[in-house]
Amino acid sequence: MITLYSYFRSSTAYRVRIALHLKGLQYETIPVHLAKGEQFNEMYRLINPMAAVPALIHDDFTLTQSLAILNYLDNIAPEPPLSSSDFREQAYVRQISLTIATDIHPLTNLRVLKYLESPLHTTQAERDEWYAHWATGGMVAVEAMLRDHSYAGDFALGDRVSVADLCIVPQMYNMRRYKLPIDHLPICRRIEENCMKLPAFIQASPEMQPDAPKDLEPIHGPGFKP
Ligand SMILES: N[C@@H](CCC(=O)N[C@@H](CS)C(=O)NCC(=O)O)C(=O)O
């Protein structure tokens, strides 16, 4: 029995949802409404002391941190594999995943934007500038990594979906949501387009989540147009 604490718009939960669908693992979604602050509920903090999604419970085992969860899922359900046994390919996949998960995402996370608002009293325009600065700069670096290695094909690692793609696609969702420039990211866009043809990515998209509002502006779900 797998339970996923998720929020439809969360890019980190999106990574885990894609993996669950790719591996054909059945799971129950428990929505945590981040915009309403449900991540700070006392009961939820017992599940994730960092007050964030995703959190995954598999039988009696509770796990947080999306990359740790992806690694765990790859161990309990090895097919299709989300990494490579080749040590250089493995390091390359980690390099891209970590750039998004540890260099870009934490700077653009909700709690950081909220802190910039209060107590730091920045304006909305300043926070937008902050977001655009870190997201755009980070994705320029990811694009360079994809370009400079010879691995990228339909996906970040040739014709195989890997954890790198599971990080790139939700980040591209965020870029589109915040209307940030992506024309200069041709490899990221190609990967996104190819991924969004796969049922697992569509099923995992924000629009398809049980907690998504019915009038959610479509960005990545069925009928995605790059
Ligand atoms: N490093 C963590 C980050 C988790 C995280 O911060 N998730 C965001 C949603 S994408 C969140 O729950 N934010 C709540 C907040 O900032 O208050 C992971 O990869 O799982």
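**Entry 1: Lysine 23 and its partner**

I looked up lysine 23 and found that it counts as buried, at 9% relative accessibility. The model I am reading is a predicted one. Which residue forms a salt bridge with lysine 23? The partner is aspartate 74, and the closest N and O atoms of the two are 2.7 Å apart. I then noted where the two residues sit: lysine 23 is in the loop between helix 1 (11–22) and strand 2 (28–31), while aspartate 74 belongs to helix 3 (residues 66–76). The pair links distant parts of the chain, 51 residues apart. Aspartate 74 is also buried, because its relative accessible area of 16% falls under the cut-off of 20%.

In helix 3, I recorded Ser66, Ile69, Leu70, Tyr72, Leu73 and Asp74 as buried. What covers these buried residues? The cover includes helix 1, strand 3, strand 4 (61–64) and helix 7.

**Entry 2: Other salt bridges**

I recorded 4 salt bridges in the structure. Side chains of opposite charge can pair when their charged atoms come close.

One of the bridges joins arginine 160 to glutamate 89, with 3.0 Å between the closest N and O atoms. Arginine 160 lies in the loop between helix 6 (124–148) and helix 7 (163–177), and glutamate 89 lies in helix 4 (residues 87–108), so the pair ties together parts that are 71 residues apart in sequence. Is arginine 160 buried or partly exposed? Arginine 160 counts as partly exposed, at 38% relative accessibility. Glutamate 89, by contrast, is buried, with a relative accessible area of 16%.

Another bridge is formed by arginine 176 and glutamate 192, whose closest N and O atoms are 2.7 Å apart. Here arginine 176 is in helix 7 and glutamate 192 is in helix 8 (residues 186–195), and the pair links distant parts of the chain, 16 residues apart. Glutamate 192 is buried, with a relative accessible area of 0%.

**Entry 3: The chain as a whole**

I next considered the overall fold. The protein chain has 9 helices and 4 strands. Read along the sequence, their pattern is β-α-β-α-β-β-α-α-α-α-α-α-α. The radius of gyration is 17 Å, close to the 17 Å that the globule rule gives for 226 residues, so the chain is as compact as a globular protein of that length. Along its principal axes, the C-alpha trace spans about 45 × 45 × 35 Å.

I noted that 50% of the 226 residues count as buried. Among contacts between residues at least 6 apart in sequence, 68% join residues at least 24 apart. The chain exposes about 11300 Å², and carbon and sulfur atoms supply 55% of that area. I also recorded 21 positive and 26 negative side chains, with the centres of the two sets 3 Å apart.

Alanine 51 is placed in the loop between helix 2 (42–47) and strand 3 (55–58). At 6% relative accessibility, alanine 51 counts as buried. Which residues are in contact with alanine 51, leaving aside its neighbours within four places in sequence? They are Gln39, Phe40, Tyr44, Arg45 and Arg111.

Leucine 107 is found in helix 4. Leucine 107 counts as partly exposed, at 26% relative accessibility. Apart from neighbours within four places in sequence, leucine 107 is in contact with Val112, Trp130 and Trp134. The C-alpha atoms of leucine 107 and alanine 135 are separated by 8.3 Å, although the two residues are 28 residues apart along the chain.

**Entry 4: Backbone details**

Most residues other than glycine have a negative phi, and most peptide bonds are trans.

A cis peptide bond joins valine 53 and proline 54, with omega about 5°. Proline 54 lies in the loop between helix 2 and strand 3. The peptide bond from glutamate 79 to proline 80 is also cis, with omega near -15°. Proline 80 is placed in the loop between helix 3 and helix 4.

Aspartate 59 has a positive phi, near 55°. This residue lies in the loop between strand 3 and strand 4 and counts as exposed, at 51% relative accessibility. Lysine 179 likewise has a positive phi, of about 55°. Lysine 179 is placed in the loop between helix 7 and helix 8, and it is exposed, with a relative accessible area of 64%.

Methods
Residues numbered from 1 in each chain as written. Predicted model: local features only at pLDDT ≥ 70, side-chain atom pairs only at ≥ 80, totals over all residues. Heavy atoms only, no water. Salt bridge = Lys/Arg side-chain N within 4 Å of Asp/Glu carboxyl O. Buried < 20%, exposed > 50% of the residue type's maximum accessible area, 1.4 Å probe, protein only. Rg over C-alpha atoms; globule rule 2.2 N^0.38 Å. Contact = heavy atoms within 4.5 Å. Areas by Shrake-Rupley, 256 points an atom, 1.4 Å probe, with all protein chains shown as cover. Lys, Arg positive; Asp, Glu negative; His and termini not counted. Charge placed at Lys NZ, Arg CZ, Asp CG, Glu CD.
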